[in-house]
Amino acid sequence: MKATAEPAATPGSPEFAERQGKALRVHARLCAEYGAPFRFFSTKDPLSELISALLSHRTKNADSHRAFQQLRAAFPSWEEVRDAPTPAVEAAISACTWPEQKAPRIQAVLREISRRCGDESRPPCSLDFLADLPIPEARAWLESIPGVGPKTSAATLLFSSLRRPAMPVDSHHHRVAQRLELIGPKVGEGPAHALLAALLPPGWDAQQVYDHHEALMFHGQKCCYFHSPACHRCVVLSECPFGQSRVKM
Ligand code: SF4
């Protein structure tokens, strides 16, 4: 979805405070509904998580997991992935969507990381140093790599062994947030990251941020469907103008 210039609620304004309050009420209800705290699904190192996140774009979890496993089986090191003929990488990740786009992108990302580590011919360095940077700097470092957007940078920091409190926004999370009016109707997935993160308490730890993301994502998967959301059984109907207008119909 495209980014928009839609004005955001200004921090400190009554509208912003209302959205913050709603985000916390929704968090509490959805965490109770879906059984938070949720177990982290990944223990990958941050570089592996970055590659996994690149594979996962618009791909079912099972398929991107299979693509990652097959890539690791075909090329035991990231250096080998970087230097392999692109068609061989494409074949290894054929289980995910758009392998013809993702293979050269992954290789370019690995080349860029090697370059930043000081030598394009050396193995891509560990990204463990991101543990020591403030979150905005860690995200900026990742997002300045061509092909890495806010969802990928947040996933790398939160889902990996780094366990940093950076929140990804996937399509389910985005749809639920839009219908609840936590963000405006024209805000795309990319810009939604900063707007939704700003609504969370700044002191939240990685588990709390993870629970928030997972709870909204589960809600999108299990109730707030893209087509025909099940508003009549939704635990946050009282917070949702979109759902209330549908239920009245
Ligand atoms: S009331 Fe309907 S549209 Fe609103 S969050 Fe619930 S399921 Fe989604």
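These legends describe a set of close-up views of one predicted model.

Residues are numbered from 1 along each chain as its sequence is written. Because the model is predicted, local features need pLDDT of at least 70 and side-chain atom pairs count only at pLDDT 80 or more, while totals for chains, interfaces and linings use all residues.

**View 1**
The chain has 12 helices and 0 strands. Here helices (H or I, at least four residues) and strands (E, at least two) are DSSP runs, numbered from the N terminus. From the N terminus on, the order of elements reads α-α-α-α-α-α-α-α-α-α-α-α. The radius of gyration is 19 Å, close to the 18 Å that the globule rule gives for 249 residues, so the chain is as compact as a globular protein of that length. That radius is taken over C-alpha atoms, and the globule rule is 2.2 Å times the number of residues to the power 0.38. Along its principal axes, the C-alpha trace spans about 60 × 35 × 35 Å. Buried residues make up 38% of the 249 residues. A residue is buried if 20 or more other C-beta atoms lie within 10 Å of its own, exposed if 12 or fewer, and partly exposed in between; C-beta atoms are placed from the backbone.

The domain assignment gives domain 1 (14–38 + 167–191 + 206–248) and domain 2 (46–159). Such bounds come from an automatic or database domain assignment. The domain centres, taken over C-alpha atoms, are 29 Å apart. In all, 9 residues of domain 1 are in contact with 6 residues of domain 2. Two residues are in contact if their C-beta atoms, placed from the backbone, lie within 7 Å. On the side of domain 1 that touches domain 2, helix H10 (189–197) and helix H11 (206–222) are the elements that give two or more residues. H11 gives the most to this side, with 3 residues. By class, this side of domain 1 has 6 nonpolar, 1 polar and 2 charged residues. Ala, Val, Leu, Ile, Met, Phe, Trp, Tyr, Cys and Pro count as nonpolar, Asp, Glu, Lys and Arg as charged, and the others, Gly among them, as polar.

At least three residues come from each of domain 1 and domain 2. Leaving aside neighbours within four places in sequence, Ile 106 is in contact with Ile 51, Leu 54, Val 81 and Val 89.

**View 1. Ile 51 sits in helix H2.**
Helix H2 covers residues 46–56 and holds Ile 51. Why does Ile 51 count as buried? It has 25 other C-beta atoms within 10 Å. Ile 51 and Arg 105 are 54 residues apart in sequence, yet 9.8 Å apart in space, C-alpha to C-alpha.

**View 2. Helix H8 is enclosed.**
In helix H8 (residues 150–159), 10 of the 10 residues are buried, so the helix is largely enclosed by the rest of the structure. Among them are Pro 150, Lys 151, Leu 158 and Phe 159. The cover over these buried residues includes H2, helix H7 (135–143), H10 and H11.

Of the 14 residues around the ligand, Cys 224, Cys 231, Cys 234, Cys 240 and Gly 243 come nearest. Helix H9 (171–179) and helix H12 (241–248) are the elements that give two or more residues to the shell. A residue counts as near if its C-beta atom, placed from the backbone, lies within 6 Å of the molecule or strand in question. The shell divides into 12 nonpolar, 1 polar and 1 charged residues.

A cis peptide bond joins Ala 36 and Pro 37, with omega about 5°. Pro 37 lies in the loop between helix H1 (14–34) and H2. Glu 181, in the loop between H9 and H10, has a positive phi of about 65° although it is not a glycine. Glu 181 is partly exposed, with 15 other C-beta atoms within 10 Å. Ser 228 lies in the loop between H11 and H12. Its phi is near 50°, a positive value in a residue other than glycine. Ser 228 is exposed, because 7 other C-beta atoms lie within 10 Å.
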